[in-house]
Amino acid sequence: MVTLSGVIQSLLTGTLVGGYYGLFALGLSMSWGVLDIINMSYFPFAVLSAYIAYATMTIMGLDPFISLLFSIPSFFITGILMQLFFNKFRIDIFRSLIVTFALLVVVENALVYTWTADVRRAPVGLLGSSIFIDSLYVPIGELVAFFIGVAIVIINIAIFKKTRLGLALRAISENREASAMWGVNYSRIALIVGGVSMCYVAIAGLFIAIFFPFTPSQGNLFIGRIFAVTIFGGLGSVTGAFIAGIILGVAESVAATLFAPSWSPLVAFLLLLIILVVKPSGLTWR
Amino acid sequence: MEEKKREAATANRITRRKAISSAVAAGAVVGVGIVAGLGGYFAGAASGGRAETITQKETVTVGGQTVTVGGQTVTVTNTVTQPTTVTATVTGTTGPAKPVVIGYTLPKTGGFAANGVIHDIADEIAIRRINETGGFLGRPVERLVYDDRSDISQIPPLYERLITQDQVDLIVGPYATPFIAAAMPVAEKYRKVYIFDSYTLPKQATYEFAFSSWATGYNTDIEWPTLLFEALQNSAGKLPKSLVVVHNTHPGATFVASGVPKVADSFGIEVLDVIRYELGTTDFLPIATRLKELKPEFVFQGGLVLDESNLKKALDKAGFIPYGHSSLWPAVGAVLGLGPLGEGLISQSVFERHIPFTQDAEARYFVRNYEKRAQEAGLAYWKADTQSGTSYAMFQILREGVRGSGSLNDEDIGNWLKRNTVDTIFGELRFDGPNNYGPMKTWIAQIQNGEQIVVWPPDYAKPGSKLLYPSPLAKGY
């Protein structure tokens, strides 16, 4: 028998966990929506970020968030280099799947070579605990991920609405050729988007180290869900991806509480199908 | 010895001359290439006297002349491709015996790789031991291992390739139940003796020559929960009043979990719920929330690898820790990484690195060498335990089968195993029951003071240990 507090708890944790799904999907959504690059390599790169966080905590004895000082700049540069490659060889959306899947295999194998396939668990301290309010609990790590996601969405909205870069991004995602006629330099903008998308991947990957024991292939567990969130949210829509993540997280959590955890994927993906039938463009908030 | 080497060298020189003569007859220019090829071939293959027929196509470039045509300077090259057949008899001393090759796959990448690396190291030690003790029938033993990438669709074609193209002498199973199940029809098709180490569906292992090194027993679904509740009753002195079964959709976990309600009922334990979750679940908070609502005294989890660690962490976040928590096949390193939160987790074990297991000399050899190698490989959890132990025992069984039957013939080995008892690092194993399963030899282990030890039954428990229940960490009731 499920109680009211059980339902409220599932809504709460579903929102927070869904926020993390949204955060994880931001990079893919930007890359796919704006650049027409479906970048499968984001998943092992997220795990690489987790290993950087793990090393920061266990070898250097520092706070996991310090690892972002290493991972964000290096991921930004990596994103730019990847985009340079995509631009040079004119990689279109379909070939991007193949090229980045190959990259996924390469990065994952590099992780196995460097760290072995062994399970790693980072000592996360307070981030692994909860705040208790009466019978409800609020997991701190998930709460932090949620608010970081919110902050990124707000910054993105501001950039999209208030800056020339945002205007150029909107123009490119609407019509790349037409935007070029109006003087938008696609190649340069694409480098920035590629770099920034990888920064989002670095941030999402940090939380893999905080939430889970992990191995080099941990990122693959998220592929289905993150693709669903990205499509559901509307390609290129950071706000849409984040909200889609929350909806998916809540759907999974409530289904698990009311029915059974094994129903979670069914309910979540059924919801995705219904929304795509009703509104094929997804949520598309920009 | 020196004289024999000289004889062999002389034999090689004569053979080369013969080869050169034959090649010259085939054509002067082409012959140059043939001599080089054959010289290398014979040098690498000097063994007993034999006749070899080699047919190969040689591409030879002739010319390189520069001519002037119509005012332009052109470099002309002529290419000749000619098949040449040469028959030569090679004589010499007998070299090292041809190795016996054992082929199989392991998940070196992908979702199962964390345990795959453990099996890889244990197998390496097992093969080393076999070779140190005379190999198979006087021949050295090698393994040919392909990475199945934790992808079940790779298993049948890779095993087909091992048997038909690589023509390995023997095969063993890959790692993990679904993969072992996927290779079994291939083994059956070619009538290969098929020994495997981590299979949890004994009722489906119907192939005549299938043998499990993990002695789960044929009725694990009943025998394992029975042993668990007996341990709680007799070793801890207390049974839980209620429990919840939480299991994933892995067929082995589903099979074992399916027997729990019936057995629990026979011990007077109320089963409050059976919660099923998808394999690959990462978010365990909904399950933790549900358990917090139900407040069972005991959680029976049918999970594997990281599930137990993830559920324990989620339970801690939810503010509920049950009095008892058992699992099936956790990644021990991940549980130990939880620190105090991992303490008290109960699981299955066939081998741990303590007495009575280490009273066996070969078990000590295995522990010493495995742990050294695992540390060199950089494994965070490097201690010998069930995962590595079953892998090592798999090769022990194969070794005894070959030596006992005196044959490399698969059916001979299989038939010998069915009739005999095999001594392994976790005791004597028999294969005389249904589907070649003997009695269950899987024991109750528990994380105590940062180490996994066997606590039940007394014959296999670490001396002086007992099952700790209820957990002092329990909270949220």
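A:Thr116 sits in the loop between α4 and β1 of chain A. Helices and strands here are DSSP runs, H or I of at least four residues for helices and E of at least two for strands, numbered from the N terminus. The phi of A:Thr116 is positive, about 65 degrees, although the residue is not a glycine. A:Thr116 counts as partly exposed because it has 19 C-beta neighbours inside 10 Å. The cut-offs are these: 20 or more other C-beta atoms within 10 Å of a residue's own make it buried, 12 or fewer make it exposed, and in between it is partly exposed, with C-beta atoms placed from the backbone.

This is a predicted model, so local features need pLDDT of at least 70 and side-chain atom pairs count only at pLDDT 80 or more, while totals for chains, interfaces and linings use all residues. Residues are numbered from 1 along each chain as its sequence is written, and chains are lettered from A and ligands numbered from 1 in the order in which they are written.

A second residue of that kind is in chain B. B:Arg191 has a positive phi of about 55 degrees and is not a glycine either. B:Arg191 lies in the loop between α5 (177-189) and β6 (194-196) of chain B. It counts as partly exposed because 14 C-beta neighbours fall inside 10 Å. As background, most residues other than glycine have a negative phi, and most peptide bonds are trans.

The peptide bond from B:Ile355 to B:Pro356 is cis, with omega near 10 degrees. B:Pro356 belongs to the loop between β14 (346-349) and α11 (361-376) of chain B. Another cis bond runs from B:Trp456 to B:Pro457, with omega near 0 degrees. B:Pro457 is placed in the segment after β18 (451-456) of chain B.

Now chain B as a whole. Its secondary structure comes to 13 helices and 18 strands. Of its 477 residues, 49% count as buried. Among contacts in chain B between residues at least 6 apart in sequence, 70% join residues at least 24 apart. A contact means that two C-beta atoms, placed from the backbone, lie within 7 Å.

Which order do the strands of the open five-stranded sheet in chain B take? The order is β4-β3-β5-β6-β7, and the pairing is parallel. β4 (141-147) and β7 (210-212) are the edge strands, each pairing on one side only. From one strand to the next, the twist averages 25 degrees. Two strands pair if DSSP finds at least two bridges between them. Between β3 (residues 100-106) and β5 (residues 170-172) of chain B there are two bridges. In β5(B), B:Leu170 is the bridge partner of B:Ile102.

Next, a helix pair. The axes of α3 (residues 113-132) and α12 (residues 386-405) of chain B come within 8 Å and cross at roughly 35 degrees. Axes are lines fitted to C-alpha atoms, for helices over the stretch in contact, and angles run from 0 to 180 degrees between N-to-C directions. The crossing of α3(B) and α12(B) is right-handed, meaning that the near helix is turned clockwise from the far one by less than a right angle. Residues making the contact include B:Ile118 and B:Ala122 of α3(B), and B:Tyr392 and B:Phe395 of α12(B).

On to the core. A nonpolar core is a set of buried Ala, Val, Leu, Ile, Met, Phe, Trp, Tyr and Cys residues joined through C-beta atoms within 7 Å. The largest has 222 residues, and those touching the most other members are A:Ala50, B:Ile171, B:Ile287, B:Ala288 and B:Ile444. Helix α8 (residues 186-211) of chain A gives the most to this core, with 18 residues. Leaving aside neighbours within four places in sequence, B:Ile287 is in contact with residues of both chains, among them A:Ala256, A:Pro261, B:Val246 and B:Tyr277.

Last, chain A. The contact between the chains takes 36 residues from chain A and 39 residues from chain B. On the side of chain A that touches chain B, α1(A) gives the most, with five residues. A:Val254 is found in helix α10 of chain A. The C-alpha atoms of A:Val254 and A:Ile8 are separated by 9.1 Å, although the two are 246 residues apart along the chain. Beyond its neighbours within four places in sequence, A:Val254 is in contact with A:Ser10, A:Leu11 and A:Gly14. A:Val254 is partly exposed because 19 other C-beta atoms lie within 10 Å.
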